[in-house]
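I opened this notebook to record what I looked up in one structure. The sequence and model are placed below for reference.

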Amino acid sequence: MAVEPWRQAQQPYGPPPQPWQPASTPQSAMRAAHADRERTVDVLKAAYAEGRLTAEEYSQRFDGAHRAQTYGQLAQLVADLPSGPMVAPMGAAVPVVPPTFLPPPVPYAPPRTNGMAIASMVLGLLCVPTFGALGIPAVVTGHIAKSQLRSGREEGDGMATAGLVIGWLSVAGWALMMLLAVASSV
C-alpha cells in the first residue's frame with residue numbers, strides 16, 4: 001500500500017521515537033566526529049562512576065560509542081542519562097536561566113591613564129616655551145609615573161617616556177649651558 005505524500009510530510013524523519021529514544025531530527029543523521037564520540041564516552045564514564053550504569057551496560061555502551069557514526073546513534077547511547085553530547089536537538093529551545101541566577105553584568109571600563117604620566121608629558125612639552133625650566137619636574141614625574149605603571153593596570157607609558165626624554169634633554173641643555181658658562185669665565 002502506497003503512503004500518501006501528505007502523510008509522509010507529517011512524519012518526515014521516520015516513526016515516532018520510543019520513550020527511551022531521542023526524537024529524530026535532521027541533525028541526528030549528521031556524521032559524528034571523534035570528539036563527539038569522546039564526549040559521549042565521558043558522559044558514560046560519569047554515569048558509571050555515579051552508579052547509573054552497571055559494568056556490563058557501560059561496556060556495551062562504550063563499544064557502541066566507538067562504533068557510532070551519527071549524532072543520532074550517540075544520542076541513543078545516553079538518552080536515559082542526565083546529559084549527553086547534545087542535551088537538546090540542534091535548533092531546539094534551550095531553557096533560559098532566570099536573571100536572578102545570572103552573575104551581575106560587569107560594565108566595561110577602559111584602563112585609566114596615569115595622572116603622573118600626563119603631568120610628565122605636559123611638563124616636558126612646557127620645557128620648550130620656558131627654556132627648560134620645567135625639565136627637572138618633568139623628569140621627576142616621569143620616573144614616578146614609570147614606577148606606578150609597573151605596579152598598576154593603567155596606561156600612559158608613552159606619555160611618561162616622552163616627558164622623561166624631553167625633561168632629560170632640557171636638563172642636559174642646562175648642564176651644557178652651565179659648563180660653557182664656567183669654561184668661558186675661566
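The entries below take up a helix, a loop residue and a pair of helices.

Entry 1, the model. I noted that this is a predicted model, in which local features need pLDDT of at least 70 and side-chain atom pairs count only at pLDDT 80 or more, while totals for chains, interfaces and linings use all residues. Residues are numbered from 1 along each chain as its sequence is written, and side-chain values use heavy atoms, without hydrogens and water.

I looked up helices as DSSP runs (H or I, at least four residues), numbered from the N terminus. Helix α3 covers residues 55-67 and reaches 18 Å from its first C-alpha to its last. I found Y58, R61, G64 and A65 to be its buried residues (buried means under 20% relative accessible area, exposed over 50%, with a 1.4 Å probe and protein chains only). They cover an arc of only 130° around the axis, which puts them on the same side of α3. The face turned away from that side carries the exposed residues E56 and R67.

I located T70 in the loop between α3 and α4. T70 is buried, with a relative accessible area of 17%.

How do the axes of α5 and α6 cross? I read that the axes of α5 (residues 115-126) and α6 (residues 135-151) come within 8 Å and cross at roughly 155°. The two helices are therefore roughly antiparallel (angles over 145 degrees count as such).

Note on methods:
The expected span of a helix is 1.5 Å times one less than its number of residues. The arc is that of the directions from the helix axis to the C-beta atoms. Axes are lines fitted to C-alpha atoms, for helices over the stretch in contact, and angles run from 0 to 180 degrees between N-to-C directions. Angles under 35 degrees count as roughly parallel, over 145 as roughly antiparallel, 65 to 115 as roughly perpendicular and the rest as oblique.
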